[in-house]
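Here is a short note for someone opening this entry for the first time. Please keep the viewer open while reading.

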Amino acid sequence: MGMKTKIALGAVVGVAVIGALSANAGDSDGDTGGDDRTSASAGEKPGNAKAGDDAGKDGASDAKPAEDKAEEKASQAERFKAFVQKNGTPKEKDAVSHVTKVQGADEQNDILDSADVYTDFTGGIMGEGTGPAKLIASAFADWKDSENGLVTIYDADGELLGNGQF
């Protein structure tokens with residue numbers, strides 16, 4: 001092998017080793033002071049005891065993890081509707097009943113958050129959904145909070161109905 005080939009091969013191996021080390025850097029068993037576990041270890045308690053270890057002692061079981069799983073499986077639109085049904089005004093409940101889809105509500109970084117809410121209204125900005133769109137935006141702001149968020153409401157054809165900050 002030539003000198004250039006050896007150098008190139010050494011660089012490739014070095015990059016691969018550095019990549020493998022950086023990928024495994026967060027997998028240490030040391031205590032970092034925070035509880036940054038993934039959902040695979042969410043059933044563990046901080047003392048490395050399983051959540052189900054205490055359930056056999058008193059005969060009671062935890063129903064909370066099942067509720068969390070059901071909430072995770074619910075779509076963003078279903079979670080938004082459930083929040084408004086619980087906390088909204090009658091007019092907000094009526095307006096949110098027209099919501100068909102919500103996108104971007106879970107991905108927030110407080111820098112430039114953007115969410116889209118789709119409804120079954122028709123007619124665009126001159127149609128019947130303009131007034132309820134303001135109510136939907138207001139209810140969305142109650143549901144999610146961001147330093148710099150913008151929610152946009154669309155009709156059934158994808159035309160803009162309104163927007164608001166959250």
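The numbered points below go from the whole chain to single residues.

1. Overall make-up. This is a predicted model. The chain has 166 residues, and 24% of them count as buried. Its secondary structure comes to six helices and four strands. From the N terminus on, the order of elements is α-α-α-α-α-β-β-α-β-β. Contacts across the sequence deserve a look too. Among contacts with a separation of 6 or more, 52% join residues 24 or more positions apart.

2. The crossing of α4 and α6. Start with these two helices. Helix α4 covers residues 76-87, and helix α6 covers residues 130-143. Their axes come within 10 Å and cross at roughly 90°. The two helices are therefore roughly perpendicular to each other. From α4, the contact uses Gln76, Arg79, Phe80, Phe83 and Val84. From α6, Ile136, Ala139, Phe140, Asp142 and Trp143 take part. By residue class, this contact has seven nonpolar, one polar and two charged members.

3. Ile136 counts as buried, at 0% relative accessibility. Leaving out neighbours within four places in sequence, Ile136 is in contact with Phe80, Ala95, Val96, Val99, Val117, Thr119, Phe121 and Ile153. Gly164 is 28 residues away from Ile136 along the chain, yet their C-alpha atoms are separated by 9.1 Å.

4. The aromatic rings. There are five aromatic pairs in the count. One of them joins Phe140 and Trp143 edge-to-face, at 5.5 Å centre to centre and with 80° between the planes. Both residues lie in helix α6, three residues apart, about one turn of the helix. Phe140 is buried, with a relative accessible area of 0%. Trp143 is buried as well, with a value of 17%. Phe140 also pairs with Phe166, again edge-to-face: 5.0 Å between centres and 85° between planes. Why does this pair tie together separate parts of the chain? Phe140 lies in helix α6, while Phe166 lies in the segment after β4 (160-165), so the pair links parts that are 26 residues apart in sequence. Phe166 is buried, as is Phe140. Ring pairs join Phe80, Phe140, Trp143 and Phe166 into a cluster.

5. Charges over rings. Two lysines are worth checking in the viewer. The charged end of Lys144 sits over the ring of Trp143, 4.7 Å from its centre. Lys101 lies over the face of Tyr118, at 5.9 Å from the ring centre.

6. Val102, in strand β1. Strand β1 runs over residues 99-103 and holds Val102. Val102 is buried, with a relative accessible area of 7%. Which residues does Val102 touch, not counting those up to four places away in sequence? The list is Gln76, Ala77, Phe80, Asp116, Val117 and Phe140. Val102 and Phe80 are 22 residues apart in sequence and 8.1 Å apart in space, C-alpha to C-alpha.

7. Asp110, a backbone point. Most residues other than glycine have a negative phi. Asp110 is not a glycine, but its phi is positive, about 60°. Where is Asp110 found? Asp110 is in the loop between β1 and β2 (113-119). Asp110 counts as partly exposed, at 39% relative accessibility.

Note on methods
Residues numbered from 1 in each chain as written. Predicted model: local features only at pLDDT ≥ 70, side-chain atom pairs only at ≥ 80, totals over all residues. Heavy atoms only, no water. Axes fitted to C-alpha atoms, helices over the stretch in contact; angles between N-to-C directions. Parallel < 35°, antiparallel > 145°, perpendicular 65-115°, else oblique. Contact = heavy atoms within 4.5 Å. Nonpolar A, V, L, I, M, F, W, Y, C, P; charged D, E, K, R; others polar. Phe/Tyr/Trp six-rings, centres within 6.5 Å; stacked < 30°, edge-to-face > 60°. Buried < 20%, exposed > 50% of the residue type's maximum accessible area, 1.4 Å probe, protein only. Lys NZ or Arg CZ within 6 Å of the ring centre and 35° of its normal.
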